[in-house]
Amino acid sequence: MTEGAASSFRAALDAHGPRVLLICRKILGDVHLGDDAAQEAFLRLWRALLRDEGPRAPGGWLSRAAASASIDALRRRRLLPRSATDAGVDDAPGALDPPAPRSDAPESAATSAELAARLERAVASLSPAQRTTFVLRHETGLPLAEIASLLGVGLPTAKTHFARAVLRVRAAVADVAAPGVRP
Amino acid sequence: MTDHDRFRESLVLHLAGELDRDESEALRAHLQVCAACNEEAAALAPLAPPSRALEEVEGLERWRSQVLANTIAPAHRSAFTRRALAAAAVFLLGVGAGLLATRSVSSEADSRPSVARTASRPEAASPFALREPPPESRPSGFLALAGYVRPK
């Protein structure tokens, strides 16, 4: 039984490990915390496999496990509320204001590496709830209703988190993203 | 928050396919009258961060080894331990059986004063008590094994 579990586990680790690792790092905004959360997601998979309750589609299962492990980590660090009752839309002042564009980055020098770096910084600067919603929606394709349930918030709140996150990230890269895109 | 801000958010949700029917209707009605939002709608391409090639994930191998060390490796170790213990038990049972066989052969000719009775009297137990049992108090295989692994 363990041999079958081990081979299923290795296959899932090879197929989904990099993606799960990136998701967790992005949500937590920290490599070490992200690595721990990603490991926790795979530990959950391993325990499920040992109980003979392994998922048929480990990709989606691991997306949820990664989301859940990352959200748990944010809650332990009190970066996310523990329950829906105290979970509001964290509308930090200036949340929709784009960060000031870097003056040393002329548009002509904007490369895809520059764009990627700007995106990364913009995502990292989101509030934990916005960042979690944004990363999960983009990286896992989970519907907002499901992300809302993982976060313990209502669907309207998750929609607001997502929309504001997108607008804020877009504003942060508008000057380098594509011609014609206004901030 | 202005209506315009609200509709910008609706546009994002619309592009992500996350707008319900009522919200879509409201957005459509607003777009018919709002030039600014129309421009916004044209400009707002779905914004997905470029996903890096998976091989480029920094520290992936180190993390992967760590995950394996905490999942499959301990299970393999414990499976190995179980096999090793089983092999040791078989070996010890074999030794015990061998001892019994030796004793049953030697006890037939054994006329020395028996010290085996001390085996049933723990206060007088000797390390050799099980070596020379008389036939009537010969220990079972399990006791022989116990005597072997616990020679005191």
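1. Buried means under 20% relative accessible area, exposed means over 50%, and partly exposed lies in between, with a 1.4 Å probe and protein chains only. The buried set consists of Pro128(A), Ala129(A), Gln130(A), Arg131(A), Thr132(A), Thr133(A), Phe134(A), Val135(A), Leu136(A), Arg137(A) and Thr140(A).

2. Conventions. The model is predicted: local features need pLDDT of at least 70, side-chain atom pairs count only at pLDDT 80 or more, and totals for chains, interfaces and linings use all residues. Residues are numbered from 1 along each chain as its sequence is written, chains are lettered from A and ligands numbered from 1 in the order in which they are written, and side-chain values use heavy atoms, with hydrogens and water left out.

3. Geometry of α5(A). The helix covers residues 128-140 of chain A and spans 17 Å from its first C-alpha to its last, close to the 18 Å expected at 1.5 Å a residue. The expected span is 1.5 Å times one less than the number of residues. Just after the helix, Gly141(A) has a positive phi of about 70°.

4. Chain A overall. Chain A has 7 helices and 0 strands, where helices (H or I, at least four residues) and strands (E, at least two) are DSSP runs numbered from the N terminus. Of its 183 residues, 49% count as buried. Among contacts in chain A with a separation of 6 or more, 68% are between residues 24 or more positions apart; contact means heavy atoms within 4.5 Å. The accessible surface of chain A is about 8,400 Å², with 54% belonging to carbon and sulfur atoms. Accessible areas come from the Shrake-Rupley method with a 1.4 Å probe, and for residues only the protein chains shown count as cover.

5. Chain B overall. Chain B contains 6 helices and 0 strands. Buried residues make up 28% of its 152 residues. Residues 24 or more positions apart supply 50% of the chain B contacts with a separation of 6 or more. The chain exposes about 10,100 Å², and carbon and sulfur atoms supply 59% of that area.

6. Aromatic pairs. The whole structure holds 3 aromatic pairs over all chains. Rings of Phe, Tyr and Trp (its six-membered ring) pair if their centres lie within 6.5 Å; planes under 30 degrees apart are stacked, over 60 edge-to-face, and the rest tilted. Phe9(A) and Phe42(A) are an edge-to-face pair, 5.9 Å centre to centre with 90° between the planes. This pair links distant parts of the chain, with Phe9(A) in helix α1 (residues 2-28) and Phe42(A) in helix α2 (residues 31-50), 33 residues apart. Phe9(A) is buried at a relative accessible area of 0%, and Phe42(A) is buried with a value of 0%.

7. Across the chains. The rings of Phe42(A) and Trp63(B) have centres 5.6 Å apart and planes at 70°, so this pair is edge-to-face. Phe42(A) lies in helix α2 of chain A and Trp63(B) in helix α4 (residues 60-70) of chain B, so the pair joins two chains. Trp63(B) counts as buried at 1% relative accessibility. Ring pairs link Phe9(A), Phe42(A), Trp46(A) and Trp63(B) into a cluster. Leaving aside neighbours within four places in sequence, the contacts of Phe42(A) include Ala12(A), Leu13(A), Val20(A), Leu62(A) and Val67(B).

8. Nonpolar core. The largest nonpolar core has 68 residues, and those with the most contacts inside it are Phe9(A), Val20(A), Phe42(A), Phe134(A), Phe162(A) and Trp63(B). The largest share of this core, 12 residues, comes from α1(A). Such a core is a set of buried Ala, Val, Leu, Ile, Met, Phe, Trp, Tyr and Cys residues joined through side-chain atoms within 4.5 Å.

9. Arg25(A). This residue lies in helix α1 of chain A and counts as buried at 11% relative accessibility. Apart from neighbours within four places in sequence, Arg25(A) is in contact with residues including Asp30(A), Asp35(A), Val57(B), Glu58(B) and Gly59(B).
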